[in-house]
Amino acid sequence: MSVNYALSNNRKVQHNNVKLKTEGVNLFYGTFQALRNITLGIPQRAITAVIGPSGCGKSSFLRLFNRMNDLIAGARVEGHVTIDGVSICEKDIDVVELRKRVGMVFQKPNPFPMSVFENVAFGPRRHGRNNHRELEGIAERSLRHAALWDEVKDKLEQSALALSGGQQQRLCIARVLAVEPEVILMDEPCSALDPVATLKIEDLMRSLAEDYTIVIVTHNMQQAARVSDMAAFLMMEEDRAGVLVEYGPTSQLFTNPRDKRTEDYITGRFG
Amino acid sequence: MATQTMLSRQFSQRTAFGLLILATAIVVVPVLFIIFYIIANGAGAISWEFLTQPPSQAGKAGGIFPAIVGTFYLILGALLFSLPIGVLAGIYLTEYARDNWLTRLINMAILNLAGVPSIVYGLFGLGVFVLALHFGMSLLAASLTLACQALAMTITTSREAILAVPREYREGSLAVGATKWQTIRHLVLPQAMPGIITGAVLAMSRAAGETAPILVVGAAFLVPGLPQSPFDQFMALPYHLYTAAAHVPGMPRTTIWGVALVLLVVVLSFNFLATIIRLRVRQRSFSS
């Protein structure tokens, strides 16, 4: 049985422009090893998808790049994680500055219980922008960039919780854009959304990839095939540690996988 | 056979409902009865003079104005000390303290603190505030004593309110580069505020009714005039009620019930206030 994936007309990825890189990364939660020996380079201004079965460490991998694993007690990273060639694993790195450069969108839309405007202004305010006119400009620019402006421009002062799920997720993207990041990490951003809202987010991702480096974790292989330029396939070994099985241009990984396990997974034989 | 099972199921369902309603009635009826009894017996004592005049003839005549004011001062003082410390400690314990044996010990100690008999707090206040710190028998010493007692509840409710703020909010805030303190200050605390304030006000309503702790640190049955400074002795409703009922021969029964009624209204109005604040803050945070 073979599955046909609708592949996007992926642009040629400039492999020499590596934005994010992991080298021999091992991630531990206490004594449990979540990732083993992961080495890969993520190209600039492109979409890289991370796929694999549940529990293979996709989210943990994503959270390496904004040090979100720090929030979990007992988390420990070995190896190198770099952004623009600069290591971000050191203890004394400014994680606040890092997270400003590397934004994140979560699985469940998590708008704050405030107005639409305050949601977008939240990040800039925390970074010391308090001029209301300036914040308005940032909010409009970010909301336009997130393809949400036309839908919310008349209800900026209303609660963000009143928006639909898809709008909430685009608001969360706008909230990230407002702090002018370089990288956007997306952790299954569409898993709580209906197909129409999902397509809107995917369109948005394609347009954002012009300016930003995007890494997306997804359960949905059609989605990975549709939006991504590069794809990484992660899998668990017997001790449940995630390993990188295959990494390459999306078109190649989905039509001509080199590894038998990748082929089995994308043709639906397991997972 | 099938019908029989149906019948017995119906029967056990009715029995269960009956028991649940009975249990509820056992709880509610005495409360209503007590309230009704106090109103019926005490309403006759309530007058403008009773609420606004100082007592005369050893409390047998006149009013209880100084006791009402004293109770409010006491609560205000206790709130002033217990709310900031309680909230800050709650933040530290939930957000910053590492989860180790020491933290767990502290949390357990705080929970147990709520169960310490109130007279023990009174003796603690006597030893520390009245004697060691030389505050004397005073409003200040009594406020601090009640604050200590209220702390257990304020910290516990603050912790619960802070923990109830979803992790998604914190992650969303940290992910745009907010610091941990900014996340707490601008996202977690505003969300937790209704819960924190409710807890603090309820703790105050309990403190308003306490007799034992203030008995030994500065409450007096009769004080000429209102307290002029935090170092003055003071009158308070629960202590006034206790003395009037137990130690003044020939005290008119209506007056005793009248004091009880006023105390009840003060305490219940705190609970009512807590509900109002919670509703208003919740509305604001959702509509803003």
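**Two kinked helices in chain B**

Modeller: Start at Ser82(B): H3(B) has a kink of about 25° there, shortly before the proline Pro84(B). The bend at a residue is the angle between axes fitted to the seven residues ending there and the seven starting there. Helices (H or I, at least four residues) and strands (E, at least two) are DSSP runs, numbered from the N terminus.

A word on the source. Residues count from 1 along each chain as its sequence is written, while chains are lettered from A and ligands numbered from 1 in the order in which they are written. This is a predicted model, in which local features need pLDDT of at least 70, side-chain atom pairs count only at pLDDT 80 or more, and totals for chains, interfaces and linings use all residues.

Back to H3(B). This helix covers residues 65-96, 32 residues in total. At 1.5 Å a residue, H3(B) should span 46 Å, and its end C-alpha atoms are 46 Å apart, which agrees. The expected span is 1.5 Å times one less than the number of residues in the helix.

Now H8(B), residues 180-208. Here the kink is about 50°, at Leu189(B), shortly before the proline Pro190(B).

From the N terminus on, the order in chain B is α-α-β-β-α-α-α-α-α-α-α-α-α. Chain B has a radius of gyration of 24 Å, well over the 19 Å from the globule rule for 288 residues, so it is more spread out than a compact globule. That radius is taken over C-alpha atoms, and the globule rule is 2.2 Å times the number of residues to the power 0.38. Along the principal axes, the C-alpha atoms of chain B fill a box of roughly 70 × 65 × 40 Å.

How confident is the predictor? Chain B averages a pLDDT of 88, and 96% of its residues score at least 70. pLDDT is the predictor's confidence in each residue, from 0 to 100. The model scores ipTM 0.88 and pTM 0.82.

Next, the contact with the partner. In chain B, 18 residues are in contact with 24 residues of chain A. Contact here requires C-beta atoms, placed from the backbone, to lie within 7 Å. On the side of chain B that touches chain A, H7(B) (167-175), H8(B) and H11(B) (253-287) each supply at least two residues. H7(B) gives the most, with six residues. By class, this side of chain B has seven nonpolar, eight polar and three charged residues. Ala, Val, Leu, Ile, Met, Phe, Trp, Tyr, Cys and Pro count as nonpolar, Asp, Glu, Lys and Arg as charged, and the others, Gly among them, as polar.

Last, chain A for contrast. Chain A has 10 helices and 10 strands. With 271 residues, a compact globule would have a radius of gyration near 18 Å, and chain A has 19 Å, which agrees. Its C-alpha trace spans about 55 × 45 × 30 Å along the principal axes.

Definitions and conventions:
Contact = placed C-beta atoms within 7 Å.
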